[in-house]
Amino acid sequence: MPDNVRIVGDGNFGSTAYWTAALASNQDLRINKGAEDFNAGLNHAGKDFLSLWVAEGYGDESTQFGTPSSPLECNINQSGAGVFDFAGRCANFYARGGSGTARWATVQWRPRNNQARFLPAAVDFTTCRLVRGVALLPDTVTIGSGGLWVYDGAHTVEPHASNAPDIVALGGTLNLRRDFASLKVQGRARVVIELDPGVTGGTVDIESADAQVVLIRGDLGAVSVRAGTLDKSRLAAAAACSSQTWHPTSTEIRERGAELLTGTRTNIAGGPRVV
């Protein structure tokens, strides 16, 4: 049983009139239905909830959860057990970490409408799972040891001075502008890599026939293309990788200009199909 369930009410998220109990740290919160635009009562920076579950019955395509100047501000951590799960509908969901260790431990963004935008700021996600919709992770959002998982939707990760997460893309589109420790691209995922000048990304593994990586800018670690496509046709600046390994089930779309991807190259059993 959830500790605290919200009934349909007005746009004041924190109003005690619409919760089964006053909001407090370590509560399991659940919003099951309604389509309120939450625009007040959103500052709970001093609270650390156990969870916030927004169910399929909440929201529609125009619903606004918070505003740019007044996001939902709280922690959902509880020593790593915290879960934020959004499965409703909305236009925009604005969020911000709370005081102290600003952290939402596990984030699951899986809205019912693909246009729903997740717009967090100033928070660390231990694990972030982007299942559908749209997410913009700016330079104030970091991703921890659980990594970033992309299943579908269209998402952007902006540059960060020091955060380099592990990333697994299984579907959808990821615009990757941040350094990363490792990138695995599987399923029907498409990842566009555009790093800032001077940034060297981590290892890249393309592992499925329908997977694709488009390289626009950035040095890389070891690149392995077991299947799928590495597209270098939009390369905007010379790039280097520590090594590149091409299997016969892979496709290489070559550079169209003078800028090349260099690095020790190994062709397995004849190497890729070249376009």
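This is a predicted model: local features need pLDDT of at least 70, side-chain atom pairs count only at pLDDT 80 or more; totals for chains, interfaces and linings use all residues.
**View 1. P165 sits in the loop between β14 (154-157) and β15 (166-169).** Is P165 buried or exposed? At 4% relative accessibility, P165 counts as buried. Leaving aside residues up to four places away in sequence, P165 touches I143, R178, D179, F180, A181 and S182. For a sense of distance, pick R103: P165 and R103 are 62 residues apart in sequence, with their C-alpha atoms 16 Å apart in space.

**View 2. I193 and its contacts.** Which residues does I193 touch, not counting those up to four places away in sequence? The list runs L176, F180, L183, V204, V213, V214, L215, I216, R217 and L220.

**View 3. The largest nonpolar core holds 61 residues.** Within this core, F84, F93, W104, L148 and I193 touch the most other members. So I193 from the previous view turns up again, as one of the five named there.

**View 4. The cysteines: zero disulfides in the structure.** C128 is in no disulfide, and the nearest cysteine sulfur, that of C90, lies 15 Å away. C128 is buried, with a relative accessible area of 0%. C241 is buried as well, with a relative accessible area of 7%; both values fall under the 20% cut-off, which is why both cysteines count as buried.

Definitions and conventions: Residues are numbered from 1 along each chain as its sequence is written. Side-chain values use heavy atoms; hydrogens and water are left out. A disulfide is a pair of cysteine sulfur atoms within 2.5 Å. Buried means under 20% relative accessible area, exposed over 50%, partly exposed in between (1.4 Å probe, protein chains only). A nonpolar core is a set of buried Ala, Val, Leu, Ile, Met, Phe, Trp, Tyr and Cys residues joined through side-chain atoms within 4.5 Å. Contact means heavy atoms within 4.5 Å. Helices (H or I, at least four residues) and strands (E, at least two) are DSSP runs, numbered from the N terminus.
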